[in-house]
Structures are given as structure tokens and as C-alpha cells.
Amino acid sequence: MWGMIWRASISQYSKNVFLWVASLLILVACSSSSSPRVEDNERGLVNAQAVTPVLILYPDGPGVFGESNGVSLQAKPKIGSVQLKPGLAYDKSTRSKSKGKDKRDQIGVQALSDVQIQAYSYPDAAQIYAIMLNNLLGRYADVVVTRKAVSAYTAGEANQYYRTFYIGSTYEDPVPPALIADIMAGAKVTWLNYNIWRLDNAAIGASLSRLGLRYVALYPEYQPAEFSTGFNKIDYRGYTFKKYIPGLLEVPIEMIEVAVESPSVVVHAWAKNSAGRQIPYALQSGNFWYVADNPFTYIHEQDRYLVLADLIAPMMGRDITCTPRALARMEDLSPNDQGADLKRMLDALNRVKIPFLATVIPLFVDNNTVPVTQIGWTQNSAALNQLRRIPSIRGRIFQHGYTHQFENLKNPFGISGDDWEFWRVELDASGNRITSTPIPGMTATSALQRIQTGRNILVNLSTRSVNLTPVGWTTPHYEADPGYYATFNQVYNRVMERRIYQVGTVIAGQFFPYPVRDVNGTLMLPETLGSVQPNYLLPMLEEAARANRVLRCPWAGHFFHAYTIDPDYNGPNAYTVAQFEGFLRYVRDTLGYTYVDPTTVTTQ
Ligand SMILES: [Zn+2]
């Protein structure tokens, strides 16, 4: 039982709220049935309920680069790019056999820049943003999303949907007058970022002033010296979200100022610059909502992306709150692990008495040796004993690849846990990614076969009293050919990770602030905090937990490797057992999150 609490002011959309209440009650009923399996019960419910249609419109023009406030928008090399942040290629795992300086730590640092994927104001990027918004709407089981180019919008179309979102990711992309006219007539529309100025269209009698608004300016702060002074803080529900973190997140910043001219306009979030000037970030004028930048660029754990994600609830007329929940993941258990290392972390989790999940590599491979080294769990009884302990101490098994490397490739090292399994990665001597592509010759079917082979290994490690059948999946290093994921659903529909999505040549990553069923139909469990990296230490995870805590339905999902609390490990992200336990207790006891069993997590 989640302990949902209703907020008072939801009468405006009472019809939909009632539908939603009904689905919640059914969900609770399913969850409390005698069956221990609570899997994907939303699927059936979708058919039993009326669906709630939502329209997402994205720009499909090539974009018109122009001048704004004297700054050429063409000279904005990174604006519009989508940055994946800690956690994406970050589950570096198996300890080097030679303890000491760990090369994986350097990769961890590097990955921050590796994953800055250029996605300019082009149609492919626009469709990626539409997918990301589609995913966020996937928190609601009854919501069915249509994505289409804004140029294909027809008069009155917005009225056929519960809400229409326009993502203005392409500067000066044309907006059909019919959409503008429908907004003026009161259609439920949420507008993100650029082209809001097109609502001032005298030729069709449209004006922002009719919404109580006035376009003021676009503030492009693209020079490094400006990153720290621009509108880089977002105040929302008592927390200051950040577009700029010194040393970690130094990226170009844009903000659009739309002034409020009517007392009926509600400002839900404010953007602030270093001079203390404050302008509306997210505002609502009747049925019309406006968000003053593109929250899908440079998303990270303390970011205004979370503000948009949270505001989807009132935009959809579902302004509810939930008990804060957390997910603890122990990462990369391998047959090459020392039993004592696994025991140390499992003991800590058990002392704190929280449910958790453990991602397990079925077979360890090191193809740097001749012959190739393969280690199975049955060859390492100390580690296997710890693996078999997990179900008895509130742990769930998630499968983590087959070998967490690929055949004879150095991908890039040839070692389980370090390598990618479903994505090709090569590094140069400095650790920069020089190859980042699908693995040549791999198909969704052959990838699926690897998953099934690995799954059988784990299933066969079960005993009469210990069931090690995996109940979920985590993709090694969070990266596979995005075209595989729908196929992966055939084995696992419950996944805890961040995901990459692809349109054309643009690939972008996304983490989810709450459980969603994504565009592939996969139930994605939130991984909101990341893991300790050399440049992303426990205080950052704690800060992310505080950022998420102010949201309506907060989730704190994180993961840890056993080696980071090994007393012999001296990397910058080394912690003591006491510090690890202290973190878990801080999240639970101080911030008030409840750790939950990953198999009980559903969409709303
Ligand atoms: Zn891993």
C-alpha cells in the first residue's frame, strides 16, 4: 500500500480524476492479492479503463538560425545537446585483479564528456525530446500519447486530447496559426521553450496579452564566463534546482522571459540569475502552461528536468502526492568476486534492514588470457554462498547481461564488468570514446539469446530452498542498441536503469524520476541518484535525494558496488562500511524515503 494522499484542489478535472481513482483502487487490490508476483498489472487495466489521449507536437522544420539580443544563435555549439549524466556508463564494476589504482575510475570521469551527444535544433533531436516527454507521461497507465510534427496540426485537434504539448526545441520553427488560434480559444496546451513569441500574431487576432502574458526576451548565455551568472537556478517547492554546478555541470544556459501581466497567472517555479533577478520558469494561465527553456537538455540529478517531470501531474489534472520511496541496488555481482567482498555489503544492507536488488553477471570472462578465462558461480563457492543468501535478506535478483562483455572483443578491455556487452565502445589512449556504435553483427535476436543463456545459468543456481530466478533486468553500462529494447521485453519487462533512445543519428539518454512505462513498453524503475564516482561522491547522491524529495511522488533510486567499501580499495570513491550504512539511514530516516521491493513497483 502506497499511502497516497489526495490534495484538495482537483475538482476541476473531476471526471478524469475519478477514472484515475478507479484504476488506483484496482492496482492496490492486485498488489495486495495473495500472489507474491506483482507484475505489470497495468497492462490489463489500460484496456479496462478509458484511455486519456495526449498529443505531443514537435518542430519538423530545419530551424532558422537568427539573432537574439545581438547574439547569434548559430554560434551555440552545444545548445540543444542532450547530456547523459552519472549513471549512464557508470556501473564500472569488477575489481581489477591487481588491487590498487583502478583504471575504471578514469573511465568514469571521462564518461561525463563521452555522453554529451550533439543534438542540435534539428528534427531528429526534436523527436528525441518528444520521446523523452512521452516517457515521462508513461507514469500513467491510462495515458496514450500521439507524437506528430507540429506542421501536421489541424484546426481544433487539441480539443480531441486531454492535453497537448508543444516542444519548441527548434528556434523560429513555424507554428501553424490553427494551433495558436486553439490556444487563444482555451485549449489545454503546454508550451516548452522557443517560439512562444509567435503567439503574438495580430493577423489572426492572437496575443500573449490575452493569456495575461508578455514576451520579454531570450537570454542566451553561451560563453563559459556566463554559465555561472545566467539564469541557472530554478526555485520550486522550496528547493533550488540547478542548471549549473561548478566543476561538474558547466554548460550553456538559455532562458526565456515571459512576464506575468495578470493576477490570474500562477507561477509554479522561478528562474534566478546570480544577480538575484527572478523570472517565471513554469507558469500557468488557465489551461495554458509555459516552461521557459527546454528541460530535456543537459539533464542531471539536481536539474530543472525534475521540475517539469513533477508538473506533469497538475498539467494532467492529477495533483496527488505519494509516500517517498527508494530503491537500493547492489551492482555487478560476479563469479569473480571474493565472497568476503559480497558479504561485507550484504551484511551492511541486512543491518539497515531494507529491501534491495542485486544485479548479477551470470558468467565471468576475461579474454585477455590464453586460453580465455571463464569463471562460473559454481567454481566460486564463497561468492555463490553469498549470492544464495540474498533472497533471505530482502534481496531480489536482477540479471545483468550474460557476461558483461562480448565474445573475443576488447570492448574495450575484454573483461566482464568492465566491458559493454550490447554496445561497441573503443577508447583512445586518453580514454576518450572513439567508437560508440551497435556491435557489428549483433542483432536483437542474438542479443536476446545471450540474455536467455545467462538467465538459464542463474535459474539453475537455485536450490530447493533458494530461488535465484531473476525478476528484472539492468543493461550492462546502460547501453544497448536502442532497437533491441522492445525485444528484451520478451524476457524482462521490469528494468532498473537509465535508457538511451535513438532517432536518426541522434542518441540521447534519460533517467526517470518515477516509474514509467517507456515508449518501448518497458517498466522502468527510477534510478535518480546515480552511484559514487570519482567525481560524484556521496554528498552529491544525498543532494540529489534532497532534490527529488520535494517532488509530489519522490523516488531515490541508487546503486553501489561492493568494492567501494572494501577497506583495501583506496580510490577517490572509496567509503567505509559505516559511511555506506550512514547514507542508507540518511535517505530513509532523515529524508523519509521508504526502501521498497523492486517487484512491487508499478506505474500509476
Ligand atoms: Zn555492470
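The buried residues of α8 pack against β18 (325-333), β19 (356-360), α9 (381-389), β31 and α13. This contact set belongs to a predicted model. The chain holds 13 helices and 32 strands. Of its 604 residues, 50% are buried. Among contacts with a separation of 6 or more, 74% join residues 24 or more positions apart.

Helix α8 has 14 residues. From first to last C-alpha it reaches 20 Å, close to the 20 Å expected at 1.5 Å a residue. The buried residues of α8 are D341, L342, M345, L346, A348, L349 and V352. Seen down the helix axis, these residues fall within an arc of 150°, so they line one face of α8. Just after the helix, K353 takes a positive phi of about 60°.

Two packed helices are described by the angle between their axes and the distance between the axes. The axes of α8 (residues 339-352) and α13 (residues 577-590) come within 10 Å. They cross at roughly 35°. The crossing of α8 and α13 is right-handed. On the α8 side, the contact is made by R344, A348, R351 and V352. On the α13 side, V577, F580, E581, L584 and R585 meet them. By class, this contact of α8 with α13 has five nonpolar residues, four charged residues and no polar ones. A348 and V352 of α8 are in contact with α13 and are also among the buried residues of α8.

Helix α12 (residues 538-549) was treated in the same way. Its twelve residues should span 16 Å at 1.5 Å a residue, and the end C-alpha atoms are 16 Å apart, which agrees. Within α12, M540, L541, A544, A545, A547 and N548 are buried. They cover an arc of only 160° around the axis, so they lie on the same side of α12. The buried residues of α12 pack against β12 (239-242), α7 (305-315), β31 (555-561) and α13.

Strand β31 packs against buried residues of α8 and against buried residues of α12. Helix α13 likewise packs against buried residues of α8 and of α12.

Key. Residues numbered from 1 in each chain as written. Predicted model: local features only at pLDDT ≥ 70, side-chain atom pairs only at ≥ 80, totals over all residues. Axes fitted to C-alpha atoms, helices over the stretch in contact; angles between N-to-C directions. Helix = DSSP H or I, 4+ residues; strand = E, 2+ residues; numbered from the N terminus. Left-handed = near helix turned anticlockwise from the far one by under 90°. Contact = placed C-beta atoms within 7 Å. Nonpolar A, V, L, I, M, F, W, Y, C, P; charged D, E, K, R; others polar. Expected span 1.5 Å × (residues − 1). Buried ≥ 20, exposed ≤ 12 C-beta atoms within 10 Å, placed from the backbone. Arc of directions from axis to C-beta.
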